Amino acid sequence: MSGFARILRKIAEDRVALIGLVLIVLLVLVALFAPLLATHPEDVWEIHPELRLLPPSAEHLFGTDRMGGDIYSRILFGARLTIVIGVVAVGASLLIGVPIGLLAAFYANWFGDLLMRISDVFLAVPQVILAIAIAQTLGPSLPNVILALSLTYWPWFTRLVYAETKRLQNEVFIEATEALGASPWRLIVLHILPNISSAIIVRISLGMGFTILTAAALGFLGLGAQPPVPEWGRMVAESREFLPMAWWYALAPGLAIFLVVMGFNLLGDGLRDVLDPRLRKSPGRRAAAAVRRGS
Amino acid sequence: MPPLLSVAGLRVGFDTDAGRAQVLDGVNLEIGRGEVVGLVGESGCGKTTLARSILGILPRPPAVIESGRIDLDGTDLLTLPARAMNDAIRGRRITYIPQDPLGSLNPVFRVGTQIMELMKWKSPDGKARRGRWPGLFTPYPHKRRRADRARVLEALRAVQIPDPEAALRKYPHQFSGGQRQRLVIAMALLTEPRLIIADEPTTALDVTIQAQILALLRRLVKERGISVLFTTHDLGTAYELCDRIVVMYAGQEVESAPIDRFFAHPAHPYTRRLLESLPRPDGSVREIPGEIPGLVHPPGGCRFHPRCPNAGSECGEHRPPVDMPEAGHALRCYHPDPMEPPR
């Protein structure tokens, strides 16, 4: 059985991780098929003043918003934005953070120290505050939010890669590979990096959750996409003034954010259990999982 | 004929917070062609540092090579550019069997992948041309790959791995400790090196497996005429494997003798104490009085003199010159013990 199938099976055995995986798969499906699933796809851009703030009904599953847009349809299209934000921001953090971590571990001198201190500076400021500052300075727009998130999240990858690389550099098999004449760069890229890929994958999943949540917070503060773009954080912000009379308005986007962030976090924890034998969950839970699958 | 490897006056220090630790203090060592040399000494006497100096994999800093030469077949390894060292020496003319067989294979790659990776770059048939950056895109020609694979299978049979074809598809954790050590030995032999450096290769294995592996290693290197530098703290394993034994104490070599003479006529007071400290059939163990000196402020002259019963005043002033009581038996001591068999 291939490694990928084995990982999938192990996740399926862990109920909590499975819930996470199902939520993420749902998010992706919803984003892909938004035009088919939406009951009022045109409501993303059109306004219907006569249909303002209608409660949930068969026609409008999650009710309508202050412009008369169908909240259900807008949430579906918002899923696309959410995925773009998460993937681009985490991808950029990965591309910045991993090479810097490897460089810092490779140059065990002032240069490596400098790189790590720079990443510490980014970690010293609370990330949401830093992201707000960057997004505010660059001006409120979706690309700027993604940029702000990328600039604040990369140090997490750097620290992880640095610590894991330093640990592996002391392993006998790395010394043996060096003694058989692998060049230093080859050693790091081809022999150490594959050993830390599982830790990086876990961090990617947790990072998606964090990034999406922060993006929603920035949207809530009005720093993200501008109306009428159906960004979830923005929708929650818009609903504030109508909360006493339209409870459904805040509920749908809030719940969507909650489910997606929870999905990524549960999946990340599950992947950690599956991929990283050193961080296995407690024996109790493992025994329970064994009982469940009847072994 | 000059020796294959000759280390002369090698001084290596490690910079620590307390000052520079003189880990190797003018070490001399020669290894002849096809000779198996045992480097014996207590933990911390500089065995591993010497092995790493020869391979050029000392972590620098903190290590500093202060002076000395390491010549392999007339090439001074210490002045060789790093790239030439990597391309032509490490993995080609010198290979390495590390201390801990359980951790010496990369856990995330199949055994076959790891061995073929070595062969791609270090095959005796000619290596892959080094491409740009870490050689990620260097092709591995199909024809050479096939030839190399046949060679790998043959090597695995030579170290008595059952079903070599299947072994190549397994991950390291699917092998036992002894089998993993056989795989590592196969890798060390595959590139047809002139010298193998084996750093306590059997310490992590149990005694019966140890004996099998040592016998296998000895047979394979003798068949191929490969020289071996075998470091160990265990005189028993050294006796099973080696042609000659070199004793180190606190970063200085003190005595070197062919195996029979070494056990029959040890002359240096430290060597004798070391032999006497072996556990005896009656269960008694004789300790060597005193303690291993700190290497930041080591005793001058012969570093063993504070613990030595024969020491005179000159022992603390100058290191004794090399004395050759008999051909092949080198000794560095002003007051050697009478060369009688130990008790």
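Tutor: Let's start with A:Ile196, which sits in helix H9 (residues 184-220) of chain A. Keep in mind that this is a predicted model.

Student: What makes A:Ile196 count as buried?

Tutor: Its relative accessibility is 1%. Buried means under 20% relative accessible area, so A:Ile196 with its 1% qualifies.

Student: Which residues does A:Ile196 touch, leaving out those up to four places away in sequence?

Tutor: They are A:Val161, A:Glu164, A:Thr165 and A:Leu168. Here a contact is a pair of heavy atoms within 4.5 Å. As for A:Leu160, 36 residues from A:Ile196 along the chain, the two C-alpha atoms are 9.0 Å apart.

Student: Now for chain B. What is the strand order in its open sheet of eight strands?

Tutor: The order is S6-S7-S8-S3-S9-S10-S12-S11, and the pairing is mixed.

Student: Why are S6 (94-97) and S11 (323-326) of chain B said to stand at the edges?

Tutor: Each has a single partner strand, so one side of each is left without a neighbour in the sheet. On average, neighbouring strands are turned by 20° against each other, ignoring direction.

Student: Which helix lies across S6 and S7 of chain B?

Tutor: That is helix H6 (residues 177-190) of chain B, running at about 175° to S6(B). Helix H10 (residues 269-276) of chain B also packs on the sheet, where it touches S3 (36-40), S9 (244-249) and S10 (252-258) of chain B. The direction of H10(B) makes about 105° with that of S9(B).

Student: Why is H10(B) described as largely enclosed?

Tutor: Eight of its eight residues are buried, so the rest of the structure largely encloses H10(B). Among them are B:Tyr270, B:Arg272 and B:Glu276. The buried residues pack against S3, S9 and S10 as well as helices H8 (235-241) and H9 (259-264) of chain B.

Student: How many disulfides are there over all chains?

Tutor: The count is zero. A disulfide needs two cysteine sulfur atoms within 2.5 Å. For B:Cys45, the nearest cysteine sulfur belongs to B:Cys302 and is 14 Å away. For B:Cys302, the nearest is that of B:Cys315, at 6.3 Å, and B:Cys302 is in no disulfide.

Student: Are B:Cys45 and B:Cys302 buried or exposed?

Tutor: B:Cys45 has a relative accessible area of 4% and is buried. B:Cys302, at 9%, is buried too.

Key:
Residues are numbered from 1 along each chain as its sequence is written. Chains are lettered from A and ligands numbered from 1 in the order in which they are written. This is a predicted model: local features need pLDDT of at least 70, side-chain atom pairs count only at pLDDT 80 or more; totals for chains, interfaces and linings use all residues. Side-chain values use heavy atoms; hydrogens and water are left out. Two strands pair if DSSP finds at least two bridges between them. Helices (H or I, at least four residues) and strands (E, at least two) are DSSP runs, numbered from the N terminus. Axes are lines fitted to C-alpha atoms, for helices over the stretch in contact, and angles run from 0 to 180 degrees between N-to-C directions. Buried means under 20% relative accessible area, exposed over 50%, partly exposed in between (1.4 Å probe, protein chains only).
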